[in-house]
Amino acid sequence: MNSMNAIAPNGVDPAKPWLKILSAYRKPHLGRSTFELAVTFLSFALLWAAAWASIRFGYWLGLVLVLPAAGFLLRLFMLQHDCGHGSFFGRRRLDDWTGRVIGVLTLTPYDYWRRAHAEHHASAGNLDERGVGDITTLTVTEYAALTRWGRLGYRLYRHPLVMFGIGPAWLFLFKQRLPFGMMKSGALPWISTMATNAVIVALAALLIWAVGWVPFLLIHLPIVLLAGSAGVWLFYVQHQFEDTHWSKPPEWTFQHAALHGASHYDLPRPLRWITGNIGMHHIHHLSSRVPFYRLPEVLRDHPELGDLGRITIKTSLSCVKLVLWDEASQRLVSLKEAEDLVGPEGRPDINHCKP
């Protein structure tokens, strides 16, 4: 029996028409979406203002408020994320303009990001279509074929300090200021990016005029960096876990890649709320038009999906060392494991590569 057609140990039937089943959850509620947006934005604005006001009594008090402010900025990004999928209000024009406005706060040009993220959803788990909107992941064989400098570059790229520290700062502060790679997507990503940059500069200038450049930097820079690092971490563990799925067509199918190539990051309830239920990522990849606040309904009605790709905060920490896809064992492995699988002179072990 084909392993992709067999019922998984947790009872999930891969032949079940999950796309049709999840279509019942795709309708957003206008009032609920408006409420979520208002609560998130107002909380962020009040925490930002409170952090500024507290600086006069000592920066450490303001630093405490920076943490929840970063959490609400992260949540704003999750709302922007739903807008990009057309699932927040369910009205394309309203979703797009809401996403563009939020993009000024998250430093993420909406139309540029939406195009790249759509490619990620269309090709997640496909070994032949890596490189757009995802974290670069090499196979053991590809890594073995690299030069010494190439391996060093990959090691540095996947190092936690770069991945969750320098990388997010580079991405949100610099890389997203110019939509390179979108030349063939028309003028919209460029127009959106330049307009977003202009409004960011205007808003920053207004705040600096109102509070001073030192308080602005002391408050806003840590908020952006913390929210960015948290966002990259979430995106990382949603696909970079040991039992994730990668394959090549024709073995690759959208439903199987969505169910098995994205994790269920089972977070405590407060963290589920602040991250917009993005941890239920396998469901989101299967049907991205389901609003974030309806994802728990899917798990409630279909509990067999709960254990699929499930990782916890504790188990997610071990995902950091998994950096290469081993096509033979069909799992992510660490560099140390990969070295054991690579034969003399950096060539893949022939016996290991045999089916």
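## The second largest cavity

Five nonpolar, four polar and one charged residues make up the lining of the second largest cavity. Here Ala, Val, Leu, Ile, Met, Phe, Trp, Tyr, Cys and Pro count as nonpolar, Asp, Glu, Lys and Arg as charged, and the others, Gly among them, as polar. This is a predicted model, where local features need pLDDT of at least 70, side-chain atom pairs count only at pLDDT 80 or more, and totals for chains, interfaces and linings use all residues. Residues are numbered from 1 along each chain as its sequence is written, and side-chain values use heavy atoms, without hydrogens and water.

The lining residues are M78, H81, D82, T275, G276, I278, H284, V290, F292 and L295 (each with an atom within 4 Å of a point on a 1 Å grid over the protein atoms alone, in a set where a 1.4 Å probe fits but cannot get out). Helix α3 (residues 59–84) gives the most to this lining, with three residues; helices are DSSP runs of H or I, at least four residues, numbered from the N terminus. The cavity holds about 50 Å³ of space, a volume being the space filled by probe spheres set on points joined across faces, edges and corners.

## The largest cavity

Searching the whole structure turns up three cavities of 30 Å³ or more, and the largest has a volume of about 110 Å³. Its lining has four nonpolar, seven polar and one charged residues, including H120, D134, F235 and W246.

Notes: 1 Å grid on protein atoms, 1.4 Å probe; cavity = no way out; pocket = protein on both sides within 12 Å on 5 of 7 lines; lining within 4 Å. Helix = DSSP H or I, 4+ residues; strand = E, 2+ residues; numbered from the N terminus.
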